[in-house]
Amino acid sequence: MALLPLPDPSPTAALVRSSVLISQGAEAKVYRTTLHTGGGPVLLKYRFSKQYRHATLDATLTRARVAGEARALVRCLRCGVSVPGLRFVDVANGALGIEWVDGKSVRSLLGSGDEGERYREEDEDIAPAEDEDLFVGYKVPKDALMVMVGTEIAKMHLADIIHGDLTTSNMMLRHPSSTMNPLGVHQLVLIDFGLAYTSTLAEDKAVDLYVLERAFASTHPESEPLFSSVLDAYKRKMGKEWPAIGRKLEDVRLRGRKRSMVG
Amino acid sequence: MESFAYPHFSSIAHVALFDRVTNAGEIRARIVRASSLEGDEGDAEREAVSFAFIDARLVTSVLHIQTAITQALLAAAQNTLRTKTVHSEVIWALNPSNNITEALRRYGVTDDSTALFVIRIESLASIDVRSRMSAVVEGTLVPMSALAGLTDWVAVKKYNKLGGDPYIKEIQNDPAHEHHLIDNIVVSFVAMKSVSG
């Protein structure tokens, strides 16, 4: 077997160069790529090196975050939470290849006013609905979509996984005709587990919900009825776990996300 | 046989699925013998069996194989191979544990294997891989889609320790859903092996 000559010291760097940039954040750049000829699209999340951090610290943090995100996704998969699977991990270079989700973010489906979208959408031929109750090409009423959001978050919390950054941009509705959707129905997929961790505490689950409530309030007009349908579906799915989380949510609403007043 | 190019690794993977294989025990014995032969004869024999032979019963999809190839190529490029060759690394990548002997015993060719994935990883220059494969394996070359009838889902669940998962038990009466989910989980296991545990 012969593997030489390598054109580039880092194959992952070469992969990144051949990929299409979709979105850039402070932590990572997100690309659409293919891992080999004939392969389907894969989302490549590349945590580029941060010049403002000491190199050793940067490598340690990047490694921990890539590993953490990968573990959270697999934990979700095993518990039946709808998340994309992993396709490629290069922890040394901070690269994570994730199953491509063919669909639109909940944020773009709800129509988010005039703010720029955080994720550029594929499927340009399917226009997002502005103020209709049925989304063009998706045909899911807003209320049904909110029920899906609440149910999926409840499944995640029942598995003791805290997302850490719940926003409507971090949820996608997978198109029923997508080839990676064998069930043939609309599927709500949670994405971006970069800040996820595990916890059994009602407090942490309540903070997760509070972050989403604030995200709704700041991005969507008339968010209150939307978020209350999310919460209703969440309560139904959580069953006897809900009262403790509900009490904590009241506390968190009064004092904000941070429990400790230190620092 | 299908070939997949990995341009960023300057490599190409030739993947063939053989069914009704009659000489699995012989192939295994040949690989073992080739490893200890010396001189030119040894080199020639090692070259003749320089493939990854994988028992198809434990493979859930072509993506499963492709993911193991990607991670093996990455380890080779970064000089972090845990086994001696990129071919054995593909087999190692498929097994959830770090035990090399266990990986070869479970995922490699065994005396009772009847369906085999045969993989050859090459630099981009092409050789006649198909005839070299046929020179080693006595069996019928079948399309990748034939894998659907070959996967042993009970064994896949056992070796990946998924049998006890409450959610997988919950959906066991819906095989299409169950198989799709298990495939996604085991593919993810292969991809994240370097950071698991």
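## Exercises on a predicted two-chain model

Ser10(B) sits in the loop that joins strand E1 (2–6) to strand E2 (11–19) of chain B, where strands (E, at least two residues) and helices (H or I, at least four) are DSSP runs numbered from the N terminus. The model is predicted, so that local features need pLDDT of at least 70 and side-chain atom pairs count only at pLDDT 80 or more, while totals for chains, interfaces and linings use all residues. Residues are numbered from 1 along each chain as its sequence is written, chains are lettered from A and ligands numbered from 1 in the order in which they are written, and side-chain values use heavy atoms, with hydrogens and water left out.

**Exercise 1.** Describe the backbone at Ser10(B) and at Asp160(A).

*Solution.* Most residues other than glycine have a negative phi. Ser10(B), although not a glycine, has a positive phi of about 50°. Asp160(A), likewise not a glycine, has a positive phi near 65°, and Asp160(A) belongs to the loop between helix H4 (142–158) and strand E7 (161–162) of chain A.

**Exercise 2.** Determine how H5(A) and H6(A) are arranged.

*Solution.* Begin with the geometry: helix H5 (residues 202–219) and helix H6 (residues 223–238) of chain A pack at about 155°, with their axes 9 Å apart; axes are lines fitted to C-alpha atoms, for helices over the stretch in contact, and angles run from 0 to 180 degrees between N-to-C directions. Next, classify the angle: under 35 degrees counts as roughly parallel, over 145 as roughly antiparallel, 65 to 115 as roughly perpendicular and the rest as oblique. H5(A) and H6(A) are therefore roughly antiparallel. Finally, turn to the contact (heavy atoms within 4.5 Å), to which H5(A) gives residues including Leu209(A) and Phe216(A), and H6(A) residues including Phe227(A) and Tyr234(A).

**Exercise 3.** Carry out the analysis for H4(B) and H5(B).

*Solution.* The angle is about 90° and the axes of H4(B) and H5(B) are 8 Å apart, so these two helices are roughly perpendicular to each other. Ile91(B), Trp92(B) and Leu94(B) of H4(B) meet Ile100(B), Ala103(B), Leu104(B) and Tyr107(B) of H5(B). By class, this contact has seven nonpolar, no polar and no charged residues, where Ala, Val, Leu, Ile, Met, Phe, Trp, Tyr, Cys and Pro count as nonpolar, Asp, Glu, Lys and Arg as charged, and the others, Gly among them, as polar.
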